[in-house]
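Here's a protein model to explore together. Take a look at the fold, then read on for a short tour of its inside and its strands.

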Amino acid sequence: MSVATGQHYCPHNDKKAVPVPMTTRRPPRAAPRTAPKPAGDRDAPKGRRAARGVASALKAKPTDAERDEDGPQRIAKLLARAGVGSRRDVERMVEEGRIALNGVVVVQPAPLLTSLEGLTVDGNPVAKPVSTRLYRFHKPAGCITAARDPKGRKTIYDVLPKDLPRLMPVGRLDYNTEGLLLLTNDGEFKRQLELPASGVERTYRARAFGDISQEQLEELAMGITIDGVTYGKIDANLERRTGRNQWVEMTLTEGKNREVRKVLEHFGLQVSRLIRTRYGAFELDGLPMSAVDVVPRDELFKFRRHMG
């Protein structure tokens, strides 16, 4: 403790304090000490606590996409996210008068809403969206990719287990085409996967009869126009040949109606079997015929992050 008279006081000494003359000489430099932390940093967490704090702060800051999802959205988009159907399905439901808002039939899918409150489909309230799920299904030949068929043919829903949640197919596979069919409960995610602009690759293996060379297949890398329809880049490879039968692998991003069959038929080949083996990052990979399994959440998260 220092007093104003220039004396130093020692509380443990009973003798009278002796005045000490003041001096202008600088005292010896003390051993260096760590500079005190700013007031805001003194109580900052360290180690794992700090890491969790940073992660929470980053997570708490919404991205532009998240802000868009929280803002007003069209009814078709809201219902698609809730798993009611794809945007096209919802638009068809609106045309059929099956969707109402607060008891009033919706006449167009364009009005903007911020929530599902008051929305009904066929008189039933729409449940809040659940987290996006994705399933792999090994579709067999002999069934169509639809909920129902006017001709009475078997559909994929006749093959799928009955205890699955409401799921929508990502794209379609023809009646006689087998292989990987992705299913999801999220109509917006389904749409994103299907759009050619997303650039999601699909890989097929076709068994075909006829004559074709690797050189001819490589020409498909530039795209091709058949009967007025233009098909984009196709990566095609001749796998193996037995006599005039061969297996051809084809990877494309558009997936137009019967694209693989039409392109191979253009070269004079007769397709006897067609299997889709991959869709984006997901492969058929030994999944038994007619079997279905769920894509792990971490794999789904990585894929969606990669898609942007």
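Predicted model: local features only at pLDDT ≥ 70, side-chain atom pairs only at ≥ 80, totals over all residues.

The N-terminal end of H6 has a cap, Asp186, with a side-chain oxygen 2.9 Å from the backbone nitrogen of Glu188.

Now for the nonpolar cores. The largest one is made of 30 residues, and Leu183, Leu220, Met250, Val260 and Val263 have the most contacts inside it. Which elements supply at least two residues each to this core? Here they are:

| Element | Residues |
|---|---|
| Strand S7 | 134-139 |
| Strand S9 | 178-184 |
| Strand S10 | 202-209 |
| Strand S11 | 224-226 |
| Strand S14 | 245-252 |
| Helix H8 | 259-266 |
| Strand S15 | 270-279 |

Another core, of 16 residues, lies apart from that one, and Leu180, Phe189, Ile275 and Tyr279 are among its members.

If you skip its neighbours within four places in sequence, Leu220 is in contact with Gly232, Lys233, Ile234, Ala236, Met250, Val263 and Phe267.

Finally, have a look at the open sheet. Its four strands come in the order S3-S2-S5-S6, and the pairing is antiparallel. Strand S3 (104-105) and strand S6 (124-125) sit at the edges, each pairing on one side only. S5, residues 119-121, runs antiparallel to S6, and two bridges join them. Zoom in on Val121 and you'll find its bridge partner in S6, Asn124.

Key:
Residues numbered from 1 in each chain as written. Heavy atoms only, no water. Core = buried A, V, L, I, M, F, W, Y, C linked by side-chain atoms within 4.5 Å. Buried < 20%, exposed > 50% of the residue type's maximum accessible area, 1.4 Å probe, protein only. Contact = heavy atoms within 4.5 Å. Pairing = 2+ DSSP bridges. Polar contact = N/O pair within 3.5 Å; in protein donor to acceptor, adjacent residues only side chain to side chain.
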